[in-house]
Amino acid sequence: MSYRTRFGKDTSACDSGNTAEGSGSSIGPNEVSNDFDHEIAQLTKHRSRPHQLLSQDVPGKSRLLVSTMKMLVGRESNHSGRGRFSSADGCHVLSRYLPINGPWGVDQSTSPAYVSQFSNDGLFFVAGFQGGHIRMYNVDKGWKVQKDILTKSLRWTITDTSLSPDQRYLVYASMTPIVNIVNVGSSMTGSVANVTEIHEGLDFSVDGDEDEFGIFSVRFSTDGRELVAASSDASIYVYDLQANKVNLRIPAHASDVNTVCFADETGHLIYSGSDDNLCKVWDRRCLITKGQAAGVLMGHLEGVTFLDSRGDGRYLISNGKDQTTKLWDIRKMSSRAMYPGLRDHDWDYRWMDYPAHAKTLKHPNDQSLATYRGHGVLRTLIRCYFSPAYSTGQKYIYTGSSDHCVYIYDLVTGAQVARLNHHEGPVRDCSWHPLYPMLVSSSWDGTIARWEFPGDDQVPTLVRPRARRRRGYYDY
């Protein structure tokens, strides 16, 4: 393994003083704040809006939605003057074909499915089960099992997996300080820990640490040289794979850190979410001089189970045990947290329903841009995501749910556009294919199910699109 660190300690970004206080908001079910429309809403519309010459019915007037037939006719007639679709034109067409048909079975286990994700290019799909089994499927080869992994050092369950950007290595975490790394690029299909293949253990405990802790979330950096992890000891860890050691430990929150990720490909910013109800933003360039979070995002009334970055270093979404998904702009973050004192300390999301009276409560200093309600975040750390940029322009957000379904919301309007109902247990994780109108859900019923948008009820045949980039546009 050859990895090198690339993060400098540029502190110029830390010289601007304290973070500005974000203004509080009070928003109802699936509503957006007043300043929402002029920013991310416009960015989202821009990514999925057809060319104005394709969308005009009469001069000076444009249609919000343009039929696929009209778009194709316009392209063939070269109405735009380009002779091809732009990426926004393509998103306008593809984003209407939601993956809501099916489902078709991918796999079935006697053990609950905890995590599942497509690789960045959609060639592979990885699923992890509580019993210690991880399977990596080749999507383009009929979901053939590419790697069948039996793990080691497992405590309670596989809490997370992450595939390296070059798709050669996979890491898996459990409720221990050890994250194991597997070479999934080897020719051998079966991988039994330290029997048929070596599963190297990466120790995230720091010298002198006597307390045992578990890891809830782990992610590769974009360059594959580092791992970032969220732990039960209220900390964030960054592991240098070249040096084979932890190079940064941040005492980040007042309770378990359930989720963590890099904000963008630079690796400078890290987002975290915790059972202390807060999302935090960490700027690694500032930690030496400030030693604290770059900012705090308040709005959830219960713990944060998962967060996903839009990839632009500005926007993120989070799932909370207050049964909501929230959309955030880090420019609204505060320099300190204020707790409203509304929490019911007798309530436990693992085995109790959410109190009816709590559903109407609002954080008095809510800094979120939008709140999405309808799904359930109970029993386990339910995950949520932005829809793919390539095919939808990140027009939707989607989430698993404790009511055994997958929910898809329109990011801009907040409307629930789909509810996928099939499973017999909580859907902890789900993943939308980066290119195809395909979504895979994984549930505690042990089922991995595939949802698609074919033209009929037949099992769909996948044809990988060949896109050639020319001056910011794509040929289809």
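Predicted model: local features only at pLDDT ≥ 70, side-chain atom pairs only at ≥ 80, totals over all residues.

Residues are numbered from 1 along each chain as its sequence is written, and side-chain values use heavy atoms, with hydrogens and water left out.

Asp-366 and Lys-326 form a salt bridge, with the closest N and O atoms 2.8 Å apart; by salt bridge I mean a side-chain nitrogen of Lys or Arg within 4 Å of a carboxyl oxygen of Asp or Glu. The pair links distant parts of the chain, 40 residues apart, since I find Lys-326 in strand E23 (324-329) and Asp-366 in the loop between strand E23 and strand E24 (370-373). The strand labels are DSSP runs numbered from the N terminus, a strand (E) having at least two residues and a helix (H or I) at least four.

I then noted a network in which salt bridges that share partners join Glu-39, Arg-314, Asp-329 and Arg-331. For the whole structure I have 20 salt bridges on record.

Next I looked up Asp-160, which forms a salt bridge with Arg-219, the closest N and O atoms lying 2.9 Å apart. This pair also links distant parts of the chain, with Asp-160 in strand E8 (residues 160-163) and Arg-219 in strand E13 (residues 215-220), 59 residues apart. Asp-160 is buried at a relative accessible area of 1%, and Arg-219 is buried as well, at 18%.

I also checked Arg-310 and Asp-312, whose side chains meet in a salt bridge at 2.8 Å, N to O. Here Arg-310 is buried, with a relative accessible area of 8%, whereas Asp-312 is partly exposed, at 32%.

Turning to strands, I found an open sheet of four in the order E17-E18-E19-E20, with antiparallel pairing, where two strands count as paired if DSSP finds at least two bridges between them. Strand E17 (257-262) and strand E20 (295-297) are the edge strands, each pairing on one side only. Within the sheet, five bridges join strand E18 (residues 269-274) to strand E19 (residues 279-283), and the two run antiparallel. I noted one partner by name: Tyr-271 has Val-281 in E19 as its bridge partner.

Definitions and conventions
Buried < 20%, exposed > 50% of the residue type's maximum accessible area, 1.4 Å probe, protein only.
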